[in-house]
Amino acid sequence: MAQRETGLFRLLGASKVYQAFQDVLGAEPFRRRLAGWIDVAPGQRVLDIGCGPAAILGHLPAGVDYHGFDDSADYIASARARWGERGHFWQARVEEATLAELGAFDRVIAIGVLHHLDDDAARSLVALAAQALAPGGMLVTYDPCWAADQGLVARALVARDRGQNVRDAHGYARLARAGFAEVEPEIVRGHLRVPYTACLLRCRGGSPRPRGKAPRQVS
Ligand SMILES: C[S@@+](CC[C@H](N)C(=O)[O-])C[C@H]1O[C@@H](n2cnc3c(N)ncnc32)[C@H](O)[C@@H]1O
């Protein structure tokens with residue numbers, strides 16, 4: 001994963017610092033909007049790739065079968081401490097073998113993940129998401145982006161992101177089209193306390209596999 005790991009950026013790897021930073025930016029009210037785009041109903045299954053402390057879970061309906069994956073031990077410990085039985089939390093990278101055990105999902109989400117990945121890794125994530133989805137399912141991603149008409153402050157903040165692979169909306173959409181027939185990009189602005197530009201993708205029509213067995217429970 002290509003991301004800055006020095007100085008202040010390293011501190012963001014600590015779950016408490018990361019969450020405090022997100023709160024300062026005003027990410028929590030935005031997550032409510034994000035949950036509207038994710039549009040999942042009770043009883044449906046959600047795979048969150050790179051879930052971090054799983055803050056989005058607080059905005060999804062009760063009764064959603066949520067599986068969050070992250071390779072950071074600290075983020076997953078924090079998600080488990082906060083949400084307990086409300087979700088299944090896996091300290092692991094999402095891989096094909098892992099997903100084979102889990103069955104199909106109605107939604108796959110990757111919030112703030114693609115901009116940390118180079119093109120090959122991002123295409124692999126998109127392919128895994130397409131395989132993990134049930135027919136009719138949707139991948140939703142959200143990442144900082146470049147835009148031609150972006151203000152100076154938004155551009156400066158995006159340029160200082162930990163992720164080293166920020167793209168414009170076209171760049172994110174191009175990656176997603178490698179795995180999905182329908183990709184709907186949307187530029188999001190004015191959603192945080194600071195000027196910021198981000199790209200939301202809603203992707204449908206991937207190559208789903210049939211619903212598999214029930215998820216294996218892992219502590
Ligand atoms: C910026 S954080 C976003 C956390 C969370 N989604 C949020 O909205 O706050 C990106 C996370 O993606 C995780 N990550 C990246 N690629 C991954 C993969 N293939 N499987 C699991 N986690 C991954 C990293 O460990 C990191 O914690």
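This report describes the fold, helix packing, aromatic contacts and selected residues of a predicted model.

**Overall composition**

The protein has 219 residues, of which 51% count as buried. Its secondary structure consists of eight helices and eight strands. Among contacts with a separation of 6 or more, 68% are between residues 24 or more positions apart.

**Packing of α2 and α4**

Two packed helices are described by the angle between their axes and the distance between the axes. For helix α2 (residues 15-25) and helix α4 (residues 73-83), the axes come within 9 Å and cross at roughly 75°. Because angles of 65 to 115 degrees count as roughly perpendicular, α2 and α4 are assigned to that class. On the α2 side the contact is made by Ser15, Tyr18 and Gln19, and on the α4 side by Asp74, Tyr75, Ser78 and Arg82.

With a relative accessibility of 16%, Gln22 counts as buried. Apart from neighbours within four places in sequence, Gln22 is in contact with Ala27 and Arg31.

The structure holds four aromatic pairs. One of them joins Tyr66 and Phe89, whose ring centres are 5.9 Å apart and whose planes stand at 55°, so the pair is classed as tilted. Tyr66 belongs to strand β2 (residues 65-70) and Phe89 to strand β3 (residues 87-91); the pair therefore ties together parts that are 23 residues apart in sequence. Both Tyr66 and Phe89 are buried. Elsewhere, ring pairs link Phe30, Trp37 and Tyr142 into a cluster. A charged side chain also meets a ring: Arg45 lies over the face of Phe105, at 4.4 Å from the ring centre.

Which residues of helix α8 (residues 169-177) are buried? They are Ala169, Gly171, Tyr172, Ala173, Leu175 and Ala176. The elements that cover these buried residues include α6 (119-132) and the strands β5 (133-146), β6 (167-168), β7 (182-189) and β8 (197-204).

**Residues in loops**

Most residues other than glycine have a negative phi.

| Residue | Phi | Location |
|---|---|---|
| Asp39 | about 55° | loop between α3 (27-38) and β1 (45-49) |

Ala54 is buried, with a relative accessible area of 0%.

Val194 occupies the loop between β7 and β8. Is Val194 buried or partly exposed? Its relative accessible area is 26%, so Val194 is partly exposed. The C-alpha atoms of Val194 and Val153 are separated by 8.3 Å, although the two residues are 41 residues apart along the chain. Leaving aside neighbours within four places in sequence, Val194 is in contact with Leu25 and Leu157.

Terms used: Residues are numbered from 1 along each chain as its sequence is written. This is a predicted model: local features need pLDDT of at least 70, side-chain atom pairs count only at pLDDT 80 or more; totals for chains, interfaces and linings use all residues. Side-chain values use heavy atoms; hydrogens and water are left out. Axes are lines fitted to C-alpha atoms, for helices over the stretch in contact, and angles run from 0 to 180 degrees between N-to-C directions. Helices (H or I, at least four residues) and strands (E, at least two) are DSSP runs, numbered from the N terminus. Angles under 35 degrees count as roughly parallel, over 145 as roughly antiparallel, 65 to 115 as roughly perpendicular and the rest as oblique. Contact means heavy atoms within 4.5 Å. Rings of Phe, Tyr and Trp (its six-membered ring) pair if their centres lie within 6.5 Å; planes under 30 degrees apart count as stacked, over 60 as edge-to-face and the rest as tilted. Buried means under 20% relative accessible area, exposed over 50%, partly exposed in between (1.4 Å probe, protein chains only). A charge sits over a ring if NZ of Lys or CZ of Arg is within 6 Å of the ring centre and within 35 degrees of the ring normal.
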